[in-house]
Amino acid sequence: MRIVVCVKQIKHVYARTGLDPEQYFIAPEDKICRVNPCDEIAVEEAVRIREKTRNGEVFLITLGPITAERDLRRCLSIGGDRLYHIDVPDDNQLDSWAKAKILAGAIKSLQCELVLCGKESLDRRNGMVGAYLGHFLDFPFVSSVVQCEMMNKGRVIRAHRAIGRGDREVIECPLPAVLTVETGLNDPRYPTLIRKLWSMQQPIRQIDNFDLYGNDGEIKVKTKVGDVSLPRPRPRPVSTPDSNLSAMERIKMLRGGGSSARTKKSERSEEKIIEGTVDKQTESFVSFLKKHQLL
Amino acid sequence: MIASFDVLLVIMALAVMAGGFIGHVRRWKQGKPVKLQGTRKRRVLGLLAYILGHRKIMEDRRFGIPHLFIFWGFIVPIIIIILAQFSFTMPPKIAEILSLILDICGGCALIGTVMIIFCRISARNKVSGDKSVSHLWLLLAVLITGFVSEGIRLAVIPEPNLIGSPVGFIVSQIMPASPLLLDLMIRLHFFLVLVFLALFPFSIMRHILAAPLSIYCREEGLPGELRTIELEREPFGSARVEDLTWKQLLSADACLSCGRCERNCPAFLAGKPLSPQKVIRTIFDQMDKRYRFRHSGKNRETDLLLIDRESISEAEIWSCTMCMACVQACPVMVQHVHMITDMRRYLILSKGFFPVESKPMLRNLEIFGDVYGKGPSCRTEWSTDSNLNDIENYQKGDVLFWVGCSGAFHHRVKEISRAFIKIMSAAGVNTCTMGKQELCCGDPARRMGQEELFQNLAQQNIRKFKDYGIEKIVTFCPHCFNIFKNEYPHLGGEFEVVHSTTFLDELIREGKIVMKYPLSLTASYHDPCYLGRGNGIYDSPRAVLQSVPELRFKELSRSKESAFCCGGGGGRMWMHDASGSRINEVRSTEISHEGVDLVSSACPYCIIMLEDGIQGLEVEKKPPVLDITEVVARSLA
């Protein structure tokens, strides 16, 4: 039984945002790339199914430039046998339909009985590639699987879907099928060092039987992303410090909980939050008052 | 004086003894090869200083004093008796003095034996481990028959020699003057001595071979340092006794179940399943069992695992905080921490088994390079000072201030980093930080056994240090300090590493820091494990505290070498407490009984753990917990 798992490499999405207005301030400063956590769970599920059926192969397939090679090989070391790569030059312009079409072409050439993917990726959160794959491969498709079992000597799969509020839907479908898995299905195992060393030696096999471009020379897509923006944060009442002060001093005031008098710009550098022992604070305070001729 | 039949008996006894000891040596040889450290001269001198000084053994007075008596009570008479077999004439005065020495030694040995039997039997209920005394009864019989023989001899041939043999003289008053009985007693004494000798390797006395050898082969480095392993092929770590080195098996053989490790182990005292003594005894038993299986002639294939339901359980291995109290207390230099780390390495690297609650921490280290999973771009959030020098502006002579994961991300430890920067700018020391290029030093990964992750992080850090030409690193976290100082050199990175307390001490003495404002409180100091036992730094933090004006220093009852761990080391900060009480609560209760106004420490883990512990106590006065740098910053001019 051959299982193919679609694995996506994503950039770290909770990083500090960047400074470039052209990129809508979303370019993350951290150049951390990793594999989508749902896809890791899919790999673990594929390995468990293979262990239960006692023979079989698990292939990993990834689309786009290789940015997270170490994490990808780590996924392979969880239990995969081979790693396939479809080198699409610029996958920012591709939409889910185009990606699924390319993936489906590659998966057809691999001739598998089960395709597993993550429910949605953390960066785009579209969740559509799995559904399109089911369509292009002409396989039954079940999404949001939180539990699955093989029945009838490996010819039927019974999947439990999470449909919200703790309810479950149990669906049986014959193989070959496409399943999308959700977090909560399993806890991926920690790979042993031997597997990690093995996976470092594995070749990344290329599949290049895809055609991106249509007859007019443009990339074949059904949708295009027009604009990405962050939502406006909800306003929260906060005591605003004196706007004459610089941002650093305002932050310090909010942190320290004090208030400072309106001073001339030349004296602004002397303002600080007084810390330390009681004696020290008293002395600093008294000298401050004397300096400003308040005593 | 000795008949030929007696010579035959002596040879037989010695042969049995030799055979038994050779069996022990063969058991150690099951382990992996390893080279001894240091020069031979240093090792021999170290061994002699240890044995003649008896200082480590005397740390526990109850067993140390009787051991001293028995030891000298045997060495001296053995030398004299062997010399006395050769017939040569001796002036009578010398002979009298020698006879007196013999008697005193015998008397000391007798007192010591009785004391040890008593202490070992009374320790049976309190401490686990095999507290056999059977061989000691034999020793007692040997000594008693010896004195009885001497008494009868003096009764038969009365020499008014109170000075020459005082004990013998006393015994001779109650003994009948019968030459036949004398002969019988001497025969019995001789026979008992031979049996005693022959049974050496099969009883508690086997330690006369294993213990000196274990001390001879001791580890040269500081206790805080772990052995770096190659990660090329299996086995990683130790799954079975044959994966341990012969030095480790030798030290397990030298263990006598004295129980000092257990009595000082914070996990054991807090009720957790770990007992260092049981770990070492299990290793010894497995070593013995495996040897016997292989040489039983039945050609049985064995697969004895160290970590098994019947031997050592995983819960025991993960309960260790790596505080080195057991290593410090052990009189025969058993390195419990190294063996537990080897077993952890096997569990993580070869099987992938570890407490599931620490998986997020390890995944964070793999993906983000820090234990909290916030990412490198958030590493500079702690400093409100925009003048902080970044590594890009590093000039030769600058000091690199290593902030560490807790110093950069933990809300409590960020204040220590800020206090340190304030002191540095007041002292006029040019510091810079790695800023966003800092990665975790790798200590949590290494202590949990994940060598591969540690070596990855370490090599990235070392490359960055070398690219920028860093020479001196100052840090306030003893775990980072220990790793940079003792473990990075094995991976190619040698730098001058200074802990913040040593650095502050130097600056105070040079006068660059002036502490003006008095803190009139009673303060105590909790020794961090990796600063104190791990690297021997006890004095500089105390010196810094003493130089704060009007601060009264009170030493805690368990401090310096016998300080009690806070419970945060060994990766335990990220693990649940499955059984027993919490180690930090035990220590906080102990500290609160001292009645101090301020608790200070020099380690972020200790600060976090002690603060949590003290907040949870039900006392009226909860002393605040401050780092040494914070205390200095408060008093700074």
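Buried means under 20% relative accessible area, exposed over 50% and partly exposed in between, with a 1.4 Å probe and only protein chains considered. The legends below describe a predicted model, in which local features need pLDDT of at least 70, side-chain atom pairs count only at pLDDT 80 or more, and totals for chains, interfaces and linings use all residues. Residues are numbered from 1 along each chain as its sequence is written, chains are lettered from A and ligands numbered from 1 in the order in which they are written, and side-chain values use heavy atoms, with hydrogens and water left out.

**View 1. Stacked rings of A:Tyr132 and A:Phe136 in chain A.** Rings of Phe, Tyr and Trp (its six-membered ring) pair if their centres lie within 6.5 Å; planes under 30 degrees apart count as stacked, over 60 as edge-to-face and the rest as tilted. This rule gives 18 aromatic pairs over all chains. In the pair shown, the ring centres of A:Tyr132 and A:Phe136 are 6.4 Å apart and the planes stand at 25°, so the pair is stacked. A:Tyr132 and A:Phe136 are four residues apart in helix α4 (residues 129-137) of chain A, and about one helical turn separates them. Helices (H or I, at least four residues) and strands (E, at least two) are DSSP runs, numbered from the N terminus. A:Tyr132 is partly exposed at 27% relative accessible area, whereas A:Phe136 is buried at 18%.

**View 2. Edge-to-face rings of B:Phe465 and B:Phe484 in chain B.** The centres of the two rings, B:Phe465 and B:Phe484, lie 5.8 Å apart with planes at 75°, so the pair is edge-to-face. B:Phe465 belongs to helix α20 (residues 451-468) of chain B and B:Phe484 to helix α21 (residues 478-487) of chain B, so the pair ties together parts that are 19 residues apart in sequence. Both B:Phe465 and B:Phe484 are buried.

**View 3. Arginines over aromatic rings.** A charge sits over a ring if NZ of Lys or CZ of Arg is within 6 Å of the ring centre and within 35 degrees of the ring normal. In chain A, A:Arg195 lies over the face of A:Trp198, at 4.4 Å from the ring centre. In chain B, B:Arg206 lies over the face of B:Phe284, at 4.8 Å from the ring centre.

**View 4. Salt bridges of A:Arg48 with A:Glu44 and of A:Glu169 with A:Arg161.** A salt bridge is a side-chain nitrogen of Lys or Arg within 4 Å of a carboxyl oxygen of Asp or Glu. The structure holds 53 of them over all chains. Between A:Arg48 and A:Glu44 the N to O distance is 2.7 Å. These two residues, A:Arg48 and A:Glu44, are four residues apart in helix α1 (residues 37-53) of chain A, separated by about one helical turn. A:Arg48 is partly exposed, with a relative accessible area of 32%, while A:Glu44 is buried at 1%. In the other pair, the closest N and O atoms of A:Glu169 and A:Arg161 are 3.0 Å apart. A:Glu169 is partly exposed at 32%, and A:Arg161 is buried at 19%.

**View 5. Salt bridge of B:Glu590 and B:Arg558, with a network elsewhere in chain B.** The side chains of B:Glu590 and B:Arg558 meet at 2.9 Å, N to O. B:Glu590 lies in helix α24 (residues 583-592) of chain B and B:Arg558 in the loop between β6 (552-553) and α24 of chain B, so the pair ties together parts that are 32 residues apart in sequence. B:Glu590 is buried at 14% relative accessible area, and B:Arg558 is partly exposed at 29%. A network of salt bridges links B:Arg227, B:Asp342, B:Arg345, B:Asp443, B:Arg446, B:Arg447, B:Glu451 and B:Glu487.

**View 6. Covered strand β6 (residues 114-118) of chain A.** Five of the five residues of β6 in chain A are buried. A:Leu114, A:Leu116 and A:Gly118 lie on one side and A:Val115 and A:Cys117 on the other. Two strands pair if DSSP finds at least two bridges between them. Three bridges join β6(A) to the parallel strand β1 (residues 2-7) of chain A, where A:Ile3 stands opposite A:Leu114. Five bridges join β6(A) to strand β10 (residues 177-181) of chain A, also parallel, and A:Val115 stands opposite A:Val178.
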